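Please examine the strands of the structure shown below.

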Amino acid sequence: MNFSDLFKQSNQICEFSPNGKYLANVVQFRLIVRDLNSLEILNMYTCLDTINYIEWSRDSDFVLCCLNKRNIIQVFSLENPDWKCKIDEGSAGLVQANWSPDSRHILTISDFHLRITVWSLMNKSVSYMKHPKNIAKCYDFTLDGKYMLLAERRDCKDYCSIFSCDSWQLLKHFEVETDNLEGICWSPTGNLFAIWESPLEYKVLVYNTDGLCMSKYQPYKWSLGVKTVDWSPNGQLLCIGSFDSKVRLLNYITFKLIMEFEHPSKINSKDLVSKKKFIRFFFLKFLNILF
């Protein structure tokens with residue numbers, strides 16, 4: 001195994017480009033982009049202040065840098081190093097900034113989650129989305145990048161809105177059956193999405209894009225509930241991790257429990273082998289049922 005020389009970096013900010021060709025790292029207020037094969041410096045960009053966060057665009061053409069002290073975002077281009085962009089949130093504050101799937105828009109969240117601002121790099125237009133829910137991930141995109149799902153909090157009630165990523169126009173807005181929504185997750189198929197309650201209550205709901213509740217899963221009450229939720233890559237299974245140290249799998253047709261895994265304090269080799277055999281048997285049986 002070969003190791004490269006040590007490179008300076010600040011705050012452990014280092015990120016590979018999505019296409020795997022470049023490596024970006026930060027040294028205080030400088031952004032350094034290297035060729036991943038030779039590790040030679042391709043470009044070095046200077047920001048106005050200390051960089052707190054960086055993110056590559058999906059097409060690996062741009063890099064955004066967040067300067068939280070100044071509430072500023074600076075964007076740099078690899079193809080055209082002379083091109084520069086500065087986004088100033090001003091008194092609204094800056095909590096988070098991310099790329100849209102098309103790599104030509106940037107979404108910023110203001111202080112206290114008062115609003116989301118969509119900045120266009122093509123025509124310099126600006127769009128606003130009010131009342132985003134103050135959670136770790138208040139919006140999510142479909143796998144094809146055509147639609148955006150936003151969790152909102154209005155008048156002490158939870159809502160979900162669906163936007164078109166082409167025009168950022170509101171397509172659907174509806175109330176959801178949660179008291180304190182904690183997370184959202186699009187299905188890879190793009191026709192369903194899952195939402196779940198805060199850990200104080202175990203409740204997972206599945207909605208379609210028309211705002212109809214397709215399923216409500218609640219195995220128990222009066223105890224800590226959902227910890228994390230995710231879909232399988234093909235969208236046929238919904239995986240729920242809970243605070244009772246169990247993982248539950250629901251099928252995408254009836255959303256009934258089809259498998260439950262328990263996380264023991266100790267795992268031995270016999271349990272691991274038996275689990276592998278059981279999983280293989282189950283999936284073969286499940287495929288036979290479907291096809």
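This is a predicted model: local features need pLDDT of at least 70, side-chain atom pairs count only at pLDDT 80 or more; totals for chains, interfaces and linings use all residues.

Residues are numbered from 1 along each chain as its sequence is written, and side-chain values use heavy atoms, with hydrogens and water left out.

Student: How many residues of strand E2 are buried?

Tutor: Strands (E, at least two residues) are DSSP runs numbered from the N terminus, and buried means under 20% relative accessible area (1.4 Å probe, protein chains only). Tyr22, Ala24 and Val26 point one way from E2, while Leu23, Asn25 and Val27 point the other way, and all are buried. For E2, residues 22–27, the count of buried residues is therefore 6 of 6.

Student: Which residue in E3 is the bridge partner of Val27?

Tutor: Two strands pair if DSSP finds at least two bridges between them. E2 and E3 (residues 30–35) pair in the antiparallel sense over 6 bridges. Their hairpin has 2 residues between the strands, and Gln28 there takes a positive phi near 60 degrees. In E3, the partner of Val27 is Arg30.

Student: Which strands stand at the edges of the open sheet?

Tutor: The open sheet consists of 4 strands with antiparallel pairing, in the order E5-E6-E7-E8. Each edge strand has a single partner strand, so one side of each is left without a neighbour in the sheet. The edge strands are E5 (53–56) and E8 (84–88).

Key:
Buried means under 20% relative accessible area, exposed over 50%, partly exposed in between (1.4 Å probe, protein chains only).
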